[in-house]
Amino acid sequence: MTVRRSGDGHEIVGLTSLDTPLNTMNHGPAQLASSALQFIFNGYSGFSFPAAHYPVKGVTAEELLHLTNRLILALELHGFTVGCTSVA
């Protein structure tokens, strides 16, 4: 993934690879990403860090659910407790 200048602004480009069961069945050509999906962990004490990021070109609700569940499992395996999730 990279940021490049586009006219007066910038755009994020790179290959998409969400590794979801839906995408592994599609053996079409690789797509260029147009944005980044980032998950941020916010602790109750104010502790915060970017937990994961993915280059994407549109995300379906099913893919978002899969990625969210995968991240929650990874956080819990590392000793964090996930009390709630939200979309901003």
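This is a predicted model: local features need pLDDT of at least 70, side-chain atom pairs count only at pLDDT 80 or more; totals for chains, interfaces and linings use all residues.
I take contact to mean heavy atoms within 4.5 Å. With that in hand, I looked at how far along the sequence the contacts reach: among those between residues at least 6 apart, 37% join residues at least 24 apart.

**Layout.** I went through the secondary structure next. The chain has two helices and five strands, and from the N terminus the order reads β-β-α-β-β-β-α. Of the 88 residues, 19% count as buried.

**Core.** Which residues make up the largest nonpolar core? I got nine: Leu 37, Phe 39, Phe 41, Ala 52, Tyr 54, Val 56, Leu 67, Leu 71 and Leu 75. Strands β4 and β5 and helix α2 each supply at least two residues of this core. I then checked Ala 52, leaving aside neighbours within four places in sequence. Ala 52 is in contact with Leu 37, Gln 38, Phe 39 and Leu 71.

**Aromatic pairs.** I found five of these in the structure. I opened up Phe 39 and Tyr 54: their ring centres sit 6.2 Å apart with the planes at 90°, so I logged the pair as edge-to-face, the cut-off for that label being over 60 degrees. Phe 39 comes from strand β4 (residues 35–42) and Tyr 54 from strand β5 (residues 48–56), so this pair links distant parts of the chain, 15 residues apart. Are these two buried or exposed? Phe 39 is buried at 13% relative accessible area, and Tyr 54 counts as buried at 13% too.

Phe 47 is partly exposed, with 45% relative accessibility, and Phe 49 is partly exposed at 22%.

**Thr 68.** Last stop was helix α2 (residues 61–77), where I found Thr 68. Its relative accessible area is 19%, so Thr 68 is buried, given that the limit is under 20%. What does Thr 68 touch, not counting residues up to four places away in sequence? I noted Phe 39 and Thr 85. Phe 39 thus turns up again: I had it in the edge-to-face pair with Tyr 54, in the core list and among the contacts of Ala 52.

Terms used:
Residues are numbered from 1 along each chain as its sequence is written. Side-chain values use heavy atoms; hydrogens and water are left out. Rings of Phe, Tyr and Trp (its six-membered ring) pair if their centres lie within 6.5 Å; planes under 30 degrees apart count as stacked, over 60 as edge-to-face and the rest as tilted. Helices (H or I, at least four residues) and strands (E, at least two) are DSSP runs, numbered from the N terminus. Buried means under 20% relative accessible area, exposed over 50%, partly exposed in between (1.4 Å probe, protein chains only). A nonpolar core is a set of buried Ala, Val, Leu, Ile, Met, Phe, Trp, Tyr and Cys residues joined through side-chain atoms within 4.5 Å.
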